[in-house]
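Welcome to this tour. Keep your viewer open and follow along, one selection at a time.

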Amino acid sequence: MRLSAATLSRLPRDVRTPGYDPADARIGMVHLGVGAFHRAHQAVYADDLLARGHRDWAICGASLRAADTSDALEPQDGLYTLCERAGEGDRLRVVGALRRLLVAPRDPTALLAAMADPAVRIVSLTVTEKGYCHDPASGELDPDHADIRADLATPGRPRSVPGFLVEALRLRRAAGTAPFTVLCCDNLPSNGRTVAKVTHGFAALRDPDLARFIAGEVAFPSTMVDRIAPSTTEADRTSVAIRLGMRDAWPVMAEPFSQWVVEDRFSAGRPPFEEVGVEMVTDVAPFEHMKLRLLNGSHSTLAYLGYLAGHETIADAMADAPFAQLVARLQDAEMTATLDVPPGTDIAAYKAALRARFRNPALQHRTWQIAMDGSQKLPQRLLAPARDRLAAGAPVDCIALGVAGWMRYVTGVDEKAAPIDVRDPLAARLRDLADAAGRDADQLAPALLSVREVFGDDLPRDPRFTGPVRTWLDRLLREGAAATVARIAA
Ligand code: CS2
């Protein structure tokens, strides 16, 4: 038996089902990038809205690359299980908010039509950092990106995020339909502003008049999204099937914690998000910095150094005392001073909760997963706070160790001389630089610091940054990650 609308009533009583008839829900949002994070986060808020009777806010989810999510969920009528994992055990819930699934490469016109539908008032996105075709250091559109070049050549059949947004907005304008709000839910700095920049940048290359329209009429609120959602494994599928008494081809795993902070600027109306726990604010920046630097900055630091030291998961690394001490020091001694703490936030309690979330042993969040796409993540997670500290004349010891961990990791060879499967859009270039430099920190550190998309022009010239990065990289190469982390933690 398999999860679907027809089998919903046969689920055990301890599995929560949608508190509404999914067939009654109407699509009001199109979401680009319908991966695990979206299904564990925004889709769950939408599910709560639908259950409260706000039936106009179901989601049409689109994949911009692979068809795997759509192929898994289509036979299930879009239904899937959210499995919340904590020490006390798993809590299961079937989510009904995904009412339609599309695969952009199969049929870009169908996705454009869905985005142009007047009933759709929000287009939200989780396409990961690299999905925006931007230069991570400057936040500007990369006009030489292969997808951008292709979309400029055939704008009616886009592949990229800016390509879809601009063409759909053009179609709406031509039809006299008000533009949708673009709601970015990726971990980018000022994510709304970043998407606005790449969208305007692309529109300007296509048609200056359309670019003016977008600049004047389209809202791009920034958001802070937070929920740890490790990718689903075969073991997860099996344990969920046992609890459901039927198969779900693609359940999603998540921690119990969830937070969504959204700037209240919508050009075509919005659902009553506050009813389902979304924090609506005028400025998301303080929340975003707090989360990107304390959570994601610690995550990346743990991911590179933890992986190198042989820790498979974040919880494993946190159970290793020096690693937990490093996280505490990074957060307390370096990151916190760079924050403009959001009003009403108890920052000590926030950090304590964060470390407890990292220790959640049920989650199995792999260091390798978080290590992915470091070239796109480092700038906002570690380098922006490093710049703030340098500007204030403060040292960057722990941050520099995290950066050195990344450098050691992207050499592609671990401490036992086994290959590392480095996933990063710049992986090949990083590997070439590392191979040419050899395993000598005096060569390797400057070689990788020269990657301008990551470090910009300023950091490679600042010895207060390059000095500690080089020193830590030298230690990592000579003594290994476990010994190096023990040293800084001491
Ligand atoms: C992680 C994030 O994979 C990563 O890079 O740091 O996905 C993290 O789990 C989420 O941002 C938590 O909200």
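Start by colouring the chain by pLDDT, the predictor's confidence in each residue, from 0 to 100. The mean for the chain is 97, and 100% of its residues reach 70 or more. This is a predicted model, in which local features need pLDDT of at least 70 and side-chain atom pairs count only at pLDDT 80 or more, while totals for chains, interfaces and linings use all residues. To find your way, note that residues are numbered from 1 along each chain as its sequence is written. The model scores are ipTM 0.99 and pTM 0.97.

**The whole chain**

Switch to a cartoon view. You will see 21 helices and 12 strands; these are DSSP runs numbered from the N terminus, with helices being H or I of at least four residues and strands E of at least two. The chain is as compact as a globular protein of its length, because its radius of gyration of 23 Å is close to the 23 Å that the globule rule gives for 490 residues.

How many of the 490 residues count as buried? The share is 50%, where buried means that 20 or more other C-beta atoms lie within 10 Å of the residue's own, exposed means 12 or fewer, and partly exposed is in between, with C-beta atoms placed from the backbone.

**Two domains**

Next, select 5–281 as domain 1 and 285–489 as domain 2; these bounds come from an automatic or database domain assignment. Taken over C-alpha atoms, the domain centres are separated by 29 Å. Where they meet, 22 residues of domain 1 are in contact with 29 residues of domain 2, contact meaning that the C-beta atoms, placed from the backbone, lie within 7 Å. On the domain 1 side, the elements giving two or more residues are strand 4 (80–86) and strand 9 (223–226). That side has 10 nonpolar, 6 polar and 6 charged residues. Here Ala, Val, Leu, Ile, Met, Phe, Trp, Tyr, Cys and Pro count as nonpolar, Asp, Glu, Lys and Arg as charged, and the others, Gly among them, as polar.

**The ligand**

Now show the ligand and select Asn187, Asp226, Arg227, Ile228, Leu295, Asn296, His299, Gln369, Ile370 and Lys377, the residues around it. A residue is near a molecule if its C-beta atom, placed from the backbone, lies within 6 Å. Which domains supply this shell? Domain 1 and domain 2 each give at least three residues. Helix 10 (285–308) and helix 14 (367–371) each supply at least two, and the largest share, 3 residues, comes from helix 10. By class, the shell holds 3 nonpolar, 4 polar and 3 charged residues.

While you are at helix 14, click on tryptophan 368. Tryptophan 368 counts as partly exposed because it has 16 C-beta neighbours inside 10 Å.

**Two loop stops**

Go to cysteine 133, in the loop between strand 7 (122–125) and helix 5 (146–153). Its phi is near 55°, a positive value in a residue other than glycine. Buried or exposed? Cysteine 133 counts as buried because it has 24 C-beta neighbours inside 10 Å.

Finish at alanine 417, in the loop between helix 16 (397–409) and helix 17 (427–437). Alanine 417 is not a glycine, yet has a positive phi of about 70°. With 6 C-beta neighbours inside 10 Å, alanine 417 counts as exposed.

Note on methods. Contact = placed C-beta atoms within 7 Å. Rg over C-alpha atoms; globule rule 2.2 N^0.38 Å.
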